[in-house]
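Please look over the sequence and the structure shown below before turning to the notes.

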Amino acid sequence: MRQDAKESALKRLQRIEGQVRGLARMVEEDRYCIDVDTQISAARAALRKVEEEVLHDHVAHCVENAIASGNKAEQRRKVAELMEVLGRTGR
């Protein structure tokens with residue numbers, strides 16, 4: 001993973017960690033269900049954004065390098081990995 005992508009992902013994940021701790025407090029404090037659910041949706045969206053950044057970096061770095069290498073087996077392997085991840089995430 002490129003350093004700038006890594007730093008960005010880590011910053012986002014730290015924010016998400018704080019969001020999840022806040023969610024736990026909300027549940028402990030018996031906050032209104034809809035408010036809790038709204039915050040869960042926000043945390044899920046934040047995780048999707050991190051996932052998107054990581055996938056973007058993978059394509060821009062790993063897949064691009066496989067294409068540039070000219071190694072057909074490596075190209076197929078990287079594309080297969082990407083398709084598997086995309087299928088798993090339901091995109």
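The notes that follow are grouped by topic. The model is a predicted one. Helix α1 comprises residues 3-28, α2 runs over 33-69, and α3 covers residues 72-89.

**Helix α1**

- Helix α1 holds 26 residues, and at 1.5 Å a residue these should span 38 Å. The C-alpha atoms at its ends are 37 Å apart, which agrees with that expectation.
- The residues of α1 that are buried are A5, A9, I16, G22, L23 and M26. The cover over these buried residues includes α2.
- L13 is a residue of helix α1.
- With a relative accessibility of 64%, E28 lies over the 50% limit and so counts as exposed.
- Just after α1, D30 adopts a positive phi of about 55°.

- D57 belongs to helix α2. Its relative accessible area is 3%, which is under 20%, and D57 is therefore buried.
- Leaving aside residues up to four places away in sequence, D57 touches M1, R2, A5 and C62. One of these, A5, is among the buried residues of α1.
- The side chain of D57 makes a polar contact of 2.5 Å with the side chain of R2.
- R2 itself is partly exposed, because its relative accessible area is 32%.
- E53 is another residue of helix α2. Residues up to four places away in sequence again being left out, E53 touches S8, A9 and R12. A9 is one of the buried residues of α1.
- A polar contact of 2.7 Å joins the side chain of E53 to the side chain of R12.

**Salt bridges**

- The model contains 10 salt bridges in total.
- R2 forms a salt bridge with D4, their closest N and O atoms being 3.5 Å apart. D4 is partly exposed because its relative accessibility is 48%.
- Within helix α1, E17 and R21 are 4 residues apart, about one turn of the helix. An α-helix has 3.6 residues a turn, so residues three or four places apart point the same way.
- E17 and R21 form a salt bridge in which the closest N and O atoms are 3.4 Å apart. R21 has a relative accessibility of 46% and so counts as partly exposed; E17 is also partly exposed, with a relative accessible area of 46%.
- In helix α3, K78 and E81 are 3 residues apart, which means that about one helical turn separates them. These two residues form a salt bridge, and their closest N and O atoms are 3.7 Å apart.
- K78 has a relative accessibility of 16%, which is under 20%, so K78 counts as buried. E81, at 33% relative accessibility, is partly exposed.
- Salt bridges link E74, R77, K78 and E81 in a network.

**Nonpolar surface patch**

- L10, L13 and L47 make a nonpolar surface patch of about 250 Å². Of these residues, L13 lies in helix α1.

**Distances along the chain and in space**

- L86 lies in helix α3. Its relative accessibility of 27% means that L86 counts as partly exposed.
- L86 and G70 are 16 residues apart along the chain, and their C-alpha atoms are separated by 24 Å.
- E28, an exposed residue, is 38 residues from A66 in sequence. From C-alpha to C-alpha, E28 and A66 are 49 Å apart in space.

Definitions and conventions:
Residues numbered from 1 in each chain as written. Predicted model: local features only at pLDDT ≥ 70, side-chain atom pairs only at ≥ 80, totals over all residues. Heavy atoms only, no water. Helix = DSSP H or I, 4+ residues; strand = E, 2+ residues; numbered from the N terminus. Expected span 1.5 Å × (residues − 1). Buried < 20%, exposed > 50% of the residue type's maximum accessible area, 1.4 Å probe, protein only. Contact = heavy atoms within 4.5 Å. Polar contact = N/O pair within 3.5 Å; in protein donor to acceptor, adjacent residues only side chain to side chain. Patch = residues over 30% accessible without salt bridge, like charges linked within 9 Å, V, L, I, M, F, W, Y side chains within 5 Å. Areas by Shrake-Rupley, 256 points an atom, 1.4 Å probe, with all protein chains shown as cover. Salt bridge = Lys/Arg side-chain N within 4 Å of Asp/Glu carboxyl O.
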